[in-house]
Structures are given as C-alpha cells and as structure tokens.
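Thanks, everyone. Please have the viewer open.

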Amino acid sequence: MSEPLKIGVLISGSGTNLQAILDAVAEGWLPVQVVQVVSSRPDAYGIQRAEAAGVPVLVMDRARYADPLAADAEIAAALQAAGAEYVVMAGYMRKCTPALLNAFPDKVINLHPALLPSFVGAHAIQDAFDAGVKVTGVTVHFANEDYDKGPIIAQRPVVVRSSDTLEDVEERIHQTEHVLYPEVLLALAQGKVTLGEDRKVYVSE
C-alpha cells in the first residue's frame with residue numbers, strides 16, 4: 001500500500017466539504033490523510049468537525065489577516081510542518097497570497113460553486129440564479145493569484161429547474177460539491193492529474 005496523500009484543508013464556515021472528505025477517508029475509498037485544518041474564523045463550525053476527527057487546527061482571525069502576506073506565511077509554515085502535500089480550499093473565504101501559493105506551487109486547489117469562467121466571486125450561486133441560467137454547477141481548479149481563474153481540474157453541472165428556489169439550487173450545488181471534491185482528491189492521490197506546460201489540466205483514466 002502506498003502512503004496516503006497528505007493534505008491541509010482551509011475552511012471559513014460550517015466545514016461540510018471538509019466533512020465529506022473525512023467521511024470518504026473513513027469509508028476507506030479515499031487514500032488521503034488530512035494532516036492540518038486552518039480556519040479563517042474562530043467561530044467556524046468546521047473546527048469542531050476537525051477536532052472530532054483528531055485533526056490539528058490552526059485558528060486565524062481578522063486581526064491576524066491585517067497583514068495578508070504574514071498571515072499566509074504563518075499558514076504555509078503550519079501546513080509544511082504538518083507534511084501537507086496539497087492545500088485544499090473548502091469554503092475558504094480568503095484570497096491566497098503569493099506567501100502561500102509559492103510555498104505550494106501548483107498544489108493549491110479550490111472549489112467554486114459555478115461553472116467557471118462564469119459567475120466568479122463570492123456570490124456565484126446567487127448570481128447564477130439571478131441570471132436565470134438553466135444549468136450551473138461546480139468547478140474544482142488550481143488556485144493562482146487571479147481570483148477564480150486557475151486551471152480547471154473538473155466540473156460538474158447542476159440543472160436549475162423552473163420551480164427551484166435559490167435554496168433548492170444551493171442544496172444541489174452543495175450535494176454535488178460533496179461528491180466531486182473527494183473524487184478529484186482521489187484522482188490526485190492516484191497520480192492521474194497532470195498540469196501541462198500549456199497550463200491545462202490533463203486527467204488520465
């Protein structure tokens with residue numbers, strides 16, 4: 001058996017995607033070890049999820065982000081000390097600076113609740129719903145300094161029905177996230193994801 005892929009997970013809120021990853025690991029099909037969780041907020045419920053799973057947590061707060069580069073340097077140091085190979089943003093509401101991105105070059109991934117390049121930014125589900133699209137979805141991509149513009153690893157569509165409320169769409173988006181993110185991590189752990197010199201992602205079968 002090869003060693004599991006060691007990841008650090010960055011959260012800001014309830015941590016449902018963190019829980020989906022932890023559940024997939026516990027079920028035995030995802031060869032990943034969450035070695036460190038970082039929360040941008042001390043009141044995030046995801047902290048309790050991490051602690052329940054025995055994962056160490058670095059808790060940040062608004063004051064520590066006053067200097068974003070120093071904050072990300074602290075986060076990067078904690079992740080490196082924990083042995084993280086990839087950094088996984090899961091509902092993390094802070095933009096990563098070069099202090100973190102350069103510490104993990106092409107090893108920081110993000111989950112976005114829309115089909116990029118459409119509906120970038122923090123209100124993607126609302127924006128897609130307001131635009132009246134018939135299909136939205138979820139994107140997993142490599143993070144870089146351009147917000148929501150890194151190379152795309154995987155996408156999955158979510159149909160918007162005429163009877164849907166915003167809450168209905170949000171629920172299906174989150175359900176899709178909880179499936180797609182562990183699947184992408186599995187592909188990473190199996191060495192099936194390659195970022196080419198053309199900055200496009202190639203996923204082997």
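Start at lysine 95. Leaving aside residues up to four places away in sequence, lysine 95 touches Asp72, Glu145 and Tyr147. Keep in mind that this is a predicted model. Where does lysine 95 sit? In the loop between β4 and α4. Its relative accessible area is 44%, so lysine 95 counts as partly exposed. Now take glutamate 145. It lies 50 residues from lysine 95 along the chain, yet their C-alpha atoms are separated by 8.2 Å.

Asp72 takes us to the next stop. Asp72 is one of the buried residues of α3. As for the helix itself, α3 runs over residues 68-82, 15 residues in total. From first C-alpha to last, α3 reaches 21 Å, close to the 21 Å expected at 1.5 Å a residue. Just after α3 comes glycine 83, with a positive phi of about 90°.

Last stop, the largest pocket. How much space lies in it? About 670 Å³. Its lining has 36 residues, and Gly91, Tyr92, Met93, Leu111 and Pro113 lie nearest the centre. The elements giving two or more residues to that lining are α1, β5, α5 and α6. By type, the lining divides into 13 nonpolar, 15 polar and 8 charged residues.

Notes: Residues are numbered from 1 along each chain as its sequence is written. This is a predicted model: local features need pLDDT of at least 70, side-chain atom pairs count only at pLDDT 80 or more; totals for chains, interfaces and linings use all residues. Side-chain values use heavy atoms; hydrogens and water are left out. On a 1 Å grid over the protein atoms alone, a cavity is a set of points where a 1.4 Å probe fits but cannot get out, and a pocket is an open set with protein on both sides within 12 Å along at least five of seven lines; lining residues have an atom within 4 Å of a point. Grid points are joined across faces, edges and corners, and a volume is the space filled by probe spheres set on the points. Helices (H or I, at least four residues) and strands (E, at least two) are DSSP runs, numbered from the N terminus. Ala, Val, Leu, Ile, Met, Phe, Trp, Tyr, Cys and Pro count as nonpolar, Asp, Glu, Lys and Arg as charged, and the others, Gly among them, as polar. The expected span of a helix is 1.5 Å times one less than its number of residues. Buried means under 20% relative accessible area, exposed over 50%, partly exposed in between (1.4 Å probe, protein chains only). Contact means heavy atoms within 4.5 Å.
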